Amino acid sequence: MENEKSIEVLNSIIQINNDRIEGYETASKETEDVDLKTLFSGFINTSEQCKKSLEAGVRELGGEVTESTRVTGKFFRVWMEVKAALTGNDRKAILNSCEFGEQAAQDVYEKVLTDELENLNAEQQTMLAAQKNLLKVDQHKIISLRDALVEIK
């Protein structure tokens with residue numbers, strides 16, 4: 001296992017957490033709903049905690065922590081901003097956009113946990129699996145809120 005490759009893998013997960021943080025900051029600005037603002041604040045906190053652990057892992061390997069986001073994340077944020085502006089802060093549209101971002105995060109974690117195991121030690125694998133589960137809980141909260149709106153109508 002090469003440290004450089006491990007650093008690269010951990011930084012890719014930092015990037016998706018940076019995307020989540022920026023995405024939920026955007027979503028929070030786009031909604032007037034206090035409950036969503038509170039929910040999004042919790043999601044930001046989740047990613048900040050994940051990011052902190054990942055940064056420690058990168059530094060432990062002697063690497064430099066990335067501050068960037070993923071290109072796909074930038075597209076997601078732009079899409080979310082446009083969608084929110086066009087829909088006039090439509091709650092369902094915001095939740096759909098958030099669910100799209102959550103699935104993107106799950107996909108990145110899954111890809112790393114499937115394709116990059118040889119570049120991660122057991123402790124890193126355990127950390128990433130636990131983080132993926134934390135983000136999955138957040139994703140289910142979004143899905144439940146969105147689906148509840150469909151049931152009401």
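Leaving aside neighbours within four places in sequence, which residues is Asn 18 in contact with?

## Basis of the model

This is a predicted model, in which local features need pLDDT of at least 70 and side-chain atom pairs count only at pLDDT 80 or more, while totals for chains, interfaces and linings use all residues. Residues are numbered from 1 along each chain as its sequence is written, and side-chain values use heavy atoms, with hydrogens and water left out.

## Overall architecture

The protein contains five helices and zero strands, where helices (H or I, at least four residues) and strands (E, at least two) are DSSP runs numbered from the N terminus. The order along the sequence is α-α-α-α-α. Of its 153 residues, 46% count as buried; buried means under 20% relative accessible area, exposed over 50% and partly exposed in between (1.4 Å probe, protein chains only).

Among contacts (heavy atoms within 4.5 Å) with a separation of 6 or more, 80% come from residues 24 or more positions apart.

Asn 18 is found in α1, which covers residues 3-30, and is buried with a relative accessible area of 5%. Beyond its neighbours within four places in sequence, Asn 18 is in contact with Lys 51, Thr 66, Glu 67, Ser 68 and Thr 69. The side chains of Asn 18 and Lys 51 are joined by a polar contact of 2.9 Å. A polar contact is a pair of N or O atoms within 3.5 Å; within protein, one must be able to donate a hydrogen and the other to accept it, and residues adjacent in sequence count only if both atoms are side-chain atoms.

## Ser 68 in the α2–α3 loop

Ser 68 lies in the loop between α2 and α3 (71-87) and, at 30% relative accessibility, counts as partly exposed. Not counting residues up to four places away in sequence, Ser 68 touches Gln 15 and Asn 18. Its side chain forms a polar contact of 2.8 Å with that of Gln 15. The C-alpha atoms of Ser 68 and Ile 16 are separated by 9.3 Å, although the two residues are 52 residues apart along the chain.
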